[in-house]
Amino acid sequence: MANLPPTLDFAKTEEDICAKWAAEDTFKNQDALSLARGDKEYTFYDGPPFATGLPHYGHILAGTIKDVVTRYACQTGHHVSRRAGWDCHGLPVEYEIDQMLNITHRDQVLEMGVDKYNDTCRGIVTRYTKEWERTVTRLGRWIDFENDYKTMDPTFMESVWWVFKELFKKDLVYQGYKVMPFSTACGTPLSNFEAGLNYKDVRDPAVVVNFPLKEEDGVSFVAWTTTPWTLPSNIALCVHPAMEYVKILDKKAGTRYILAKSRLAQLFPIMSNKKKWKPAMADELFTVEATYVGADLVGKRYQPIFDYFTFTEGSGEYFRILSDNYVTDDAGTGIVHQAPAFGEDDYRVCLSHGVIQKGKDLPCPVDSNGLFTDTVPEVKGLHVKKADDTLIKIIKDKGRLVQKDNLDHSYPFCWRSDTPLIYKAVPSWFIKVEEIRDRIVENNKKTYWVPNQVKEGRFHSWLVDARDWAVSRNRFWGTPIPIWCSESMDEVICVGSVDELAELSGVRVTDLHKDVVDEITIPSKLNPGTVLRRVDEVFDCWFESGSMPYAQKHYPFENKEEFENGFPADFIAEGLDQTRGWFYTLMVLSTALFDQPAFKNLIVNGLVLAGDGKKMSKRLKNYPDPNLVISKYGADALRMYLINSPVVRAESLKFQEPGVLGVVKEVFLPLYNAVRFFFQNMERWESNSGSKFAPNSATVRATVNPTDVWISAATQGLIKFVHEEMAAYRLYTVMPALVRFVSQLTNWYVRLNRDRLKGGGAESEIGLQVLYDVLLDVTILMAPFTPFITEYFYQHLRKLQPSYAEAANGGGSSNPVVPGKSDSVHFLNVPTYDESRLNVNAVEAMETLQIIVENGRNVREKRNISLRTPVKCVTVILRNPSANVVESLNGSLKAYILSELNAWDLVIVPKEAEHEWVTLALTPNFNTLGRKLGKKMSEFKTYVTSMSHADAVACLEKGELDFEGLAISTTDDLVSKLSFSKEGDQWESTATAGGDVVVAVDCTQDEAIISAGQSRELINAIQQLRKAMGLDLSDKVEVFFEESAGISTVESAVSNNVNLFEAKLGAVPVPKKFAPSWSVVLRSEKADIGGSNVEVFICRPAVAGKEQLSDEVRYFLSMLEPSSVLDQSALSVIVDGKEVQLMQGEDFWVNTVSKLRATKALSWV
């Protein structure tokens, strides 16, 4: 049967398809076919991942989204270049090497040699590329690994130089001394957006310390800080110029402090307890001795805690009070200690007040690894975060500690080393983002994001506050910043290419890494005889990834026209964390270079979390290995699970392995069973008709069967919907629609037509034509989303197409692409919808049928009536149904409803009679009426809920209701529901949630009903027995039953429902006592039918004989096959040397039922 096994190992099948694609170069062929046709180019940028680690669910999710969109583009007339890329430089690589070589300080790298260090880095950057290729390929993602690019390629690096020089020429580059987020583990500054990538909740020490006022003994300023390690670098205090400050006497301590009046609660915490604090209690705690505004305090000098910088250059300006509006009173004391080497605001304020000078060294006793230098001998060599406790003890011993506590707060960590960041003043090269910020914001408006709220919210907010971007890193493994300068910086040259460097220096290089280009000097033009040397820094790897659109193509040195024709990119996709990463750097550089966005369309995915809602952690092992999940359930199941979740609209997903299994059970198994069911019945039809099945679209279009018309219309509607939604990049709406359609196809169309499709006649062929047409369309439509299972289905479905014969000798990988001829479903174009087959009426009628059936089943469950037991009548009341729906339910769809609900009659109540069955109830819509009615709501509720059915109907028909002069809209302001009101215990009913449909069932159980139910139970027992034996529908058997002595429950049921058995089984079961003695039992099983313990027998077909026959004749008959005597009116047999004539209908019969009918031995047969 078309080689479709009863069950399919989806994962193993996918592996076979992977092997087939590899052997046949399917991906390359698809690309070649597209190029040969001249398909319109669709530009896609793939953000390069680091290959220093293995792919995780975040990569798999983003990769799946990219694959779906680019496959869809390829199957809708576009050519898409899908080139893999690798991020090779920067902190992720260096951090691993530092860990491997136990490097903790920059000097160790210099001792080792930058060339050796970079060679070591180069050696690991592609460590996992093969594992990535294996996982990505197994996931079904088509991407070109052979023609990949690496950010360490000289061509890529040269384009990065070009980008930087273009910015340099536009005066968008400067060198500055700025306080920046700093990773002490990596020994380098980070950009502000990098600092925002990894916040964690931490507990830090929070201390209040005093700074004695020099001009007034016994009085101290008090300041609060959560970074005690910065206190050795304190050189000023800052107040708000307009804030009110007070000098108080702390009565308990006997000390005098100056602090913000609104922050007294910092020293006296009881003041924050609204329940306990009473203003009168203040007299017991403190006395206010003086009041100031902040400006009054400016210039006052204080005694520093430490004297490390007391006598350094410029210290005459230190240790005084400054003012600035950044000071707040939401925490602390309203006085902020200033350490300009470790705070952005501190640096700005001290600079503006002349405490420090631009270009001069800052008081900074901390090295690039976050360790205290010998300037602070007490904590020399200690990391700043580990020095807090020691410093607090010293401060306490000096009598300067006023208060010590802990603060739980969110704090930035290094995104690579996962260690706390500090803020540190470092010299850096900057891009003037603030200068072009308005243009960046405008260019962002030209882009389309899914979901839009990320663009309008998170990303926009980041852009409008964007600061100048520090692109330099004090590291080694990266693209060197191409600036050569004199020692005094009076001569600066920015180099934009290898040729330019060769022209200026006389040296041509093939590698642009630091260890190579640092050896190259450029003769000075301003000071002949001297040389310019390259600055020390390398680029931040984010600058490289932001340059990827240009550098991957070696623009502008190569592929100039190709790049410019495809820019901006049609599509990119990455995770939510890239709003401050790749999305941002792409937008900054494209705006700076071309005043354009780098992309047109973007899908942002959310985070994939562990099942407990925590971040996935290798250490905690709180998530299943992706490769194991794929090997258990298949990549298609994982793909569909991920993209049919909130994560594709930038929300978080708690990964649940049972959810992947659910896709297999709820989508793939039913769909596979539908395909297998088609082939089973197609082959049965071919066997019965003697013809070969050939797809015929004319037959599909001509069918008048209501379910055929409906499923065809639903398929065309699905195709239309998928095209509309994919054009809008809304994967989160497409996947649920596909899942719903699979349910409609398998749970409704196939089930409703099961008997018809099995029938083998003309109607069977029509149904099979429709089913094939739908399966082929859906297979091609789903191909971008689930590439494996659709390929598997297609390889079977294509063989029925007349064009399949053209696939031979390379035809399957040639243009034009045609279902059947083409070797892969992924060569084909996604079908376009046929407007003429969109049938709104058919869809509406079928939706109503489903509502009736589902509610009818609910009614049965309420009364505990098995579906095998028929019910007399199903009555349906519909709110304002269309004429089409009523006509369909009373006409072509009626038989389906009766069959599904096992009912004998269906009544659709006309509108004029609905008051006899239901009551229309109105209630207020509290959401819309709350403001309008206010206190009158209770009175209004009583008024509308007490309306009669007729009044409620009239009210709705009018459209509005006047209540005490207020116009109430019956559409917006009232909720209306139908409820069943017919009297009689025989009725059971249910209504839809919206109250638009009521289904009532007459549950009367008389003898005829009970008998029919028992017959269906017996039919089910027989069918289950046949199934257990592995019998096909065409396999002929005889069925007998045997009840306990004196019991005739089953025989009575069968006798009353002979037609039902003939319709369902093609034969009538009869008591076992009538079976020929030579009847061979193949299998038997006991069943409980209506309380009777009956044994059911499946027997090999046997010829039946009359009772008075000799043993020789009986033996002769037992050896005959019934099919061999079907057309024989007489048989001859030799008995004791004499020929005996046996007449059919007198001496023998084809089977037992025929004998019983002829002899009337069983009256009801």
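# Exercises on contacts, burial and packing

Apart from residues up to four places away in sequence, E574 touches D46, G47, A62, K66, W582, F583, L602, I603, V604 and N605 (contact means heavy atoms within 4.5 Å). The model is predicted, so local features need pLDDT of at least 70 and side-chain atom pairs count only at pLDDT 80 or more, while totals for chains, interfaces and linings use all residues. Residues are numbered from 1 along each chain as its sequence is written, and side-chain values use heavy atoms, with hydrogens and water left out.

## Exercise 1: E574

Solution. 
- Step 1. Read the accessibility. E574 counts as buried because its relative accessibility is 14% (buried is under 20% relative accessible area, exposed over 50%, partly exposed in between, with a 1.4 Å probe and protein chains only).
- Step 2. Look among the neighbours, which include K66. The side chains of E574 and K66 make a polar contact at 2.6 Å (a pair of N or O atoms within 3.5 Å; within protein, one must be able to donate a hydrogen and the other to accept it, and residues adjacent in sequence count only if both atoms are side-chain atoms).

## Exercise 2: helix α30

How many residues of helix α30 are buried, and what covers them?

Solution. 
- Step 1. Take the range of α30, residues 787-797.
- Step 2. Count the buried residues: 11 of its 11 residues are buried, so the helix is mostly covered. Among them are P787, F788, E791, H796 and L797.
- Step 3. List the cover. It includes the helices α1 (10-24), α3 (57-74), α7 (129-138), α23 (635-643), α24 (657-689) and α29 (762-782).

## Exercise 3: the nonpolar cores

How many residues has the largest nonpolar core, and which element gives the largest share?

Solution. 
- Step 1. Count the residues: the largest nonpolar core has 128 (a core is a set of buried Ala, Val, Leu, Ile, Met, Phe, Trp, Tyr and Cys residues joined through side-chain atoms within 4.5 Å). L638 and F678 have the most contacts inside it.
- Step 2. Helix α24 gives the largest share of this core, 14 residues.
- Step 3. Inspect L638. Residues up to four places away in sequence aside, L638 touches Y57, I60, L139, V629, I630, F655 and V660.
- Step 4. A second, separate core has 90 residues, including W86, W469, L501 and I522.

## Exercise 4: backbone angles

Which peptide bond involving P451 is cis, and which one involving P556? In which loops do D25 and N102 lie?

Solution. 
- Step 1. The bond from V450 to P451 is cis, with omega near 0 degrees. P451 is in the loop between β17 (448-450) and α15 (452-464).
- Step 2. Y555 and P556 are also joined by a cis peptide bond, with omega about 0 degrees. P556 is in the loop between α19 (548-551) and α20 (560-565).
- Step 3. D25 is not a glycine, but its phi is positive, near 55 degrees. D25 lies in the loop between α1 and α2 (26-37) and is partly exposed at 38% relative accessibility.
- Step 4. N102, also not a glycine, has a positive phi near 55 degrees. N102 lies in the loop between α4 (91-101) and α5 (106-112) and is exposed, with a relative accessible area of 56%.

Conventions: Helices (H or I, at least four residues) and strands (E, at least two) are DSSP runs, numbered from the N terminus.
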